[in-house]
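Subject: Structure handover

Hello,

Here is the structure we spoke about, for you to take over. Notes on what was found follow below it.

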Amino acid sequence: MTMLSLSSSPHHHNRRDTGQVMRIVCYATIPGILANIWFFGFGILIQIALAIITALVTEGVIMELRQKKTERVLKDYSAVLAALLLAVSIPPLAPWWVIVIGTFFAIAIVKQLYGGLGYNMFNPAMAAYVMLLISFPIQMTSWLPPLSIAEQSHTLWDAIHTVFTGFTSTGFSVEQLKVGVDGTTMATPLDEVKTALLQGYTVTEATTRIIFDGAYGKGWLWVSLAYLLGGLFLIKNKIISWHIPGSMLASAALLSLSLFLIDGDQYASPLFHIFNGSLIIGAFFIATDPVSASTTVKGRLIFGAAIGLWVIIIRNWGGYPDAIAFAVLIMNMAVPLIDYYTQPRTYGHKNKASKDS
Amino acid sequence: MNEYKNLSVQGIWKNNPALVQLLGLCPLLAVTATVINGLGLGIATTLVLLGSNITVSLVRNFVPNEIRIPIFVMIIAAFVTIVQLLMNAFTFELYQALGIFIPLIVTNCAIIGRAEAYASKNPVPLAAFDGLMMGLGFTLILVVLGAMRELLGYGTLLVGADLLLGDWAKDLTIVIFTTDSPFLLAILPPGAFLGMGLLIALKNVIDKLVEKRSESAKQAKVVQRARVTGTDL
């Protein structure tokens with residue numbers, strides 16, 4: 001064992017390589033995944049397994065084709081993380097080919113065709129999610145009700161059976177699994193409110209329905225809180241900085257609060273928006289992707305805030321109930337511009353404005 | 001004859017209007033959801049190219065240089081109108097399927113590009129042949145892209161062949177697979193962009209392989225010659 005190691009300055013310890021960072025982010029999703037299993041069944045585990053296998057195979061094959069060091073690239077866990085994030089974003093009982101096509105698209109097209117890790121302009125998981133959403137709208141919107149109010153319960157074996165054949169081992173289809181105890185087909189809380197508003201109900205009337213527990217969707221609140229826990233763990237360990245999630249949540253809260261104050265019947269409250277849908281996981285795990293997000297401090301604040309604005313705009317006036325993926329992709333496109341205008345002043349140099357003149 | 005060979009290679013491969021010049025992308029991406037749509041637009045574009053190249057070449061010595069572009073555009077527009085009326089008369093359903101993209105052939109840069117770059121400087125036979133080859137190159141890409149998207153999106157090939165070829169062609173339709181959940185991305189415009197990008201990449205890969213092969217063939221020759229002239233054997 002070396003007692004004294006010589007190294008030149010800066011004497012910065014605890015440097016993590018890419019693989020370690022990606023692994024820690026993967027671990028941080030565990031609370032959210034556990035909460036998801038508790039409320040919505042085991043489907044998510046099968047999706048994750050399928051996604052990770054597809055991602056590793058795709059990445060490996062492409063690395064061989066590009067004649068790169070396959071093993072080293074596979075060990076950086078970036079493909080695993082992208083697969084994981086895609087798998088937790090799609091409905092737990094979606095057919096197996098949905099996640100396989102999606103993960104292949106994320107790794108092969110969105111990541112490797114642009115040059116691999118570090119060169120992809122778009123967030124692979126979110127680009128794949130959007131691709132799946134526009135290609136297979138039925139499968140991608142078949143969300144299950146929380147187990148506590150579902151008419152049919154399902155076991156791990158049922159989940160496996162459903163993902164691969166479309167039916168549980170006792171012959172129920174996903175459509176039937178979506179039926180709640182009151183006999184109506186369940187949607188996500190965001191969907192429910194959106195549909196209710198279109199039918200002329202107010203937000204408050206919509207949230208009295210069975211899938212709601214107060215203002216929050218049953219189960220969804222706890223899943224969001226679990227992801228929030230993982231996200232705070234990441235910030236505490238300095239894996240991600242607080243800027244993107246902070247500004248994203250703040251801007252989403254601010255815009256939804258102002259809309260709520262203008263017309264509380266038409267626009268849901270800020271807390272409703274934050275704890276329903278995927279805003280939390282989006283803020284802490286998806287928007288913070290180090291490759292496709294802005295890299296400067298000021299830029300991160302702008303990047304996060306803009307995503308928050310887009311999310312609330314699309315949720316309220318767009319065609320889709322949730323909008324993390326669209327918002328992240330839109331802002332991914334703006335990142336080069338944001339980075340260009342927010343370059344920090346180099347020590348010893350004057351700032352850009354005076355340099356240009 | 002050598003010039004004709006050169007024109008064919010340029011039009012179909014080396015200087016393909018769709019893959020290399022990236023001209024006429026708007027109709028290319030918009031109508032290639034099926035093979036027959038692509039083929040229909042490809043034939044229409046080829047006819048217009050042929051006609052406009054011949055006419056531009058015929059009048060090339062009378063057209064004042066300063067106003068040549070408006071004149072070319074009017075010639076092209078005249079041919080597009082002819083093709084549009086013909087399609088309206090004989091392939092009405094395809095005419096409706098292609099919609100606005102038939103009149104929009106006027107704005108296809110590949111056509112005015114050939115008129116300006118080639119037909120206005122060369123005699124009629126060469127210009128006509130150039131128009132034909134460029135049109136074929138364009139049609140080829142339309143058909144390949146259409147086939148890719150139709151196969152992925154609907155699982156079929158040559159759906160609606162009767163719209164273009166008459167009733168006997170109904171049997172040409174090939175069903176590769178049937179699915180309840182079609183891969184909508186392939187049919188939607190983003191799929192066209194992705195497919196186009198992959199086609200361009202494929203062309204570049206093939207070009208590179210060919211280049212490598214010819215290079216290694218050359219090197220092999222050099223080595224042989226060295227052995228032949230070697231004195232210490």
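To start with a loop in chain B: B:Leu158 sits between β1 (156–157) and α8 (161–165) of that chain. Please keep in mind throughout that this is a predicted model. B:Leu158 is not a glycine, yet its phi is positive, at about 60°. Most residues other than glycine have a negative phi. Is B:Leu158 buried or exposed? There are 22 other C-beta atoms within 10 Å of B:Leu158, and 20 or more make a residue buried, so B:Leu158 is buried.

A:Tyr77 lies in the loop that joins α4 (70–74) to α5 of chain A. A:Tyr77 counts as buried because it has 21 C-beta neighbours inside 10 Å.

Next, a pair of helices in chain A. Two packed helices are described by the angle between their axes and the distance between the axes. For helix α6 (residues 96–112) and helix α7 (residues 124–135) of chain A, the angle is about 130° and the axes are 8 Å apart. On the α6(A) side the contact is made by A:Val98, A:Gly102, A:Thr103, A:Phe105, A:Ala106, A:Ile107, A:Val110 and A:Lys111. The α7(A) side supplies A:Pro124, A:Ala125, A:Ala127, A:Ala128, A:Met131 and A:Leu132. Sorted by class, this contact has eleven nonpolar residues, two polar and one charged.

Among the buried ones are A:Met126, A:Tyr129, A:Val130, A:Leu133 and A:Ser135. What covers the buried residues of α7(A)? The cover includes α5 (78–89), α6, α8 (137–140), α16 (279–286) and α18 (324–341) of chain A, along with α9 (184–187) of chain B.

That leaves the two chains together. Six residues of chain B are in contact with seven residues of chain A. On the chain B side, five of the residues are nonpolar, one is polar and none is charged.

Regards

Terms used. Residues are numbered from 1 along each chain as its sequence is written. Chains are lettered from A and ligands numbered from 1 in the order in which they are written. This is a predicted model: local features need pLDDT of at least 70, side-chain atom pairs count only at pLDDT 80 or more; totals for chains, interfaces and linings use all residues. Two residues are in contact if their C-beta atoms, placed from the backbone, lie within 7 Å. Ala, Val, Leu, Ile, Met, Phe, Trp, Tyr, Cys and Pro count as nonpolar, Asp, Glu, Lys and Arg as charged, and the others, Gly among them, as polar. Axes are lines fitted to C-alpha atoms, for helices over the stretch in contact, and angles run from 0 to 180 degrees between N-to-C directions. Helices (H or I, at least four residues) and strands (E, at least two) are DSSP runs, numbered from the N terminus. A residue is buried if 20 or more other C-beta atoms lie within 10 Å of its own, exposed if 12 or fewer, and partly exposed in between; C-beta atoms are placed from the backbone.
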